[in-house]
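Hi,

Here is the model I promised to pass on. Have a look at it first, and my notes follow below.

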Amino acid sequence: MAKTRELVGRRKAIRNIRKITRTMELIATARFKKALDRAQEAQAYTAKIAELARDLAGSGASASHPLLEDRPRPKKVVLLVICSNRGLCGGYNGSILREANIKLRKIREDGAICRLELSGKRAISYFRFQRVDADETFIHFEDKPRFDQVEEVAEKYLKMFLSGEIDRVEVASMRFISAARQSVAVQTLLPLGGLPQKSDGATPTQPVEYEFAPSAQSILDDLLPASFKQRLFKCFLDAAVSEQIARRVTMKAATENADGIIKTISRQYNRARQAQITKEIAEVIGGAAALE
Amino acid sequence: MAGKTLRCMIVTPECAVLDEVADSVILPLFDGDSGVLPGREPLIGKLRSGELRLGGTSSKSLFIDGGFVQVVRDTVTILTPRALLAEQIDQSAAQKVLEAPSQPSTSSSAMADRLVATTRARAQLKVARSR
């Protein structure tokens, strides 16, 4: 009797957990769609910036800008780690943090001072556990990062980079490739590795003779900071999309696991019940036989 | 080649704000307003914080916060970090920026920040009131 009661209780508990993971899966799916839409809308801007840069370069603006200059042997490097604020998303945070840790060690081995900046509570608690002090932390980038928020951070980096306070900006985050594929990437955002280029590699249309106001060079000089801000923003958007995908996949797996456990427990319960009935019948028959 | 209308697109890093057909567009270029009519020569220009006006059937006015403009083949593309339609502007916030007591600036960068903020607020109010 006790065994069946216990199994019923466990089955009930797992059913409740399944309900929760299933709901989380659905929520993550909805959020993922929204985040993906945002990321796709942002692509128009990126593509346009690349087009402008190409047209400007095509009309004689030379690509010499402090933001483009590579500084050999960097002395101070900023490492920005973008993680999520919440857990329950499988290996998402773990894989980013692993890469970030490797990078951090490498920067230190190269003799540079690393300024560690963390976004997301998961990254903060991880590095606290590792007893690595972070120079700055952000927790306000949720699943809908706003450009204003990212711009603030970007402005700070630009200022520090141009004043020579830092020589390099690295960002460790999840890069979104497709709905089925994301990978951890540590990207160097500053110095910019060349002019912004179109990713699809479309054949350029015939060059247009533009009129420039003020001059091609000065527009290009202004375009580069805008391009950097956009790239940083894209990192945050990608991270938001990838986080939701990771959560959806994890919760789906959890729901399926719960299904399996419910099945196993149901079988055990039925066996136990049947065994009990058999035992009782045997007892009744045994009792009746003893009376004869 | 020169059509009768212009296509005006405004894109910000977050989304495409506007994609409309207009008869004319008045841009806040870095050194003053400049009008664009169908058939204009290709142009790439720098913008300041100010008012963007669309003329024609869908007459409209927006606030844009700097950025770049590209005019090519009767398409005006505006890249700006922020764009607000007249009804989205928070008038009281802009008013507050203008009315804030201007403290004696200690550094030139603080002074520049203040100048940017007031220019932005003034442009926002202008757009909101012209509605």
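The largest nonpolar core holds 94 residues, and Leu79(A), Val81(A), Ile82(A), Val169(A), Leu223(A) and Phe236(A) have the most contacts inside it. Helix H5 of chain A (residues 216-291) gives the largest share of this core, with 17 residues. Phe236(A) is in contact with Ile82(A), Phe141(A), Pro145(A) and Val150(A), leaving aside its neighbours within four places in sequence.

This is a predicted model, so to speak of local features we need pLDDT of at least 70, and side-chain atom pairs count only at pLDDT 80 or more, while totals for chains, interfaces and linings use all residues. Residues are numbered from 1 along each chain as its sequence is written, and chains are lettered from A and ligands numbered from 1 in the order in which they are written.

Some terms: a nonpolar core is a set of buried Ala, Val, Leu, Ile, Met, Phe, Trp, Tyr and Cys residues joined through C-beta atoms within 7 Å. Buried is 20 or more other C-beta atoms within 10 Å of a residue's own, exposed is 12 or fewer, and partly exposed is in between, with C-beta atoms placed from the backbone. Contact is C-beta atoms, placed the same way, within 7 Å. Helices (H or I, at least four residues) and strands (E, at least two) are DSSP runs, numbered from the N terminus.

Now chain B: two helices and eight strands, in the order β-β-β-β-β-β-β-β-α-α from the N terminus. Of its 131 residues, 32% count as buried.

Cheers

Key. Two residues are in contact if their C-beta atoms, placed from the backbone, lie within 7 Å.
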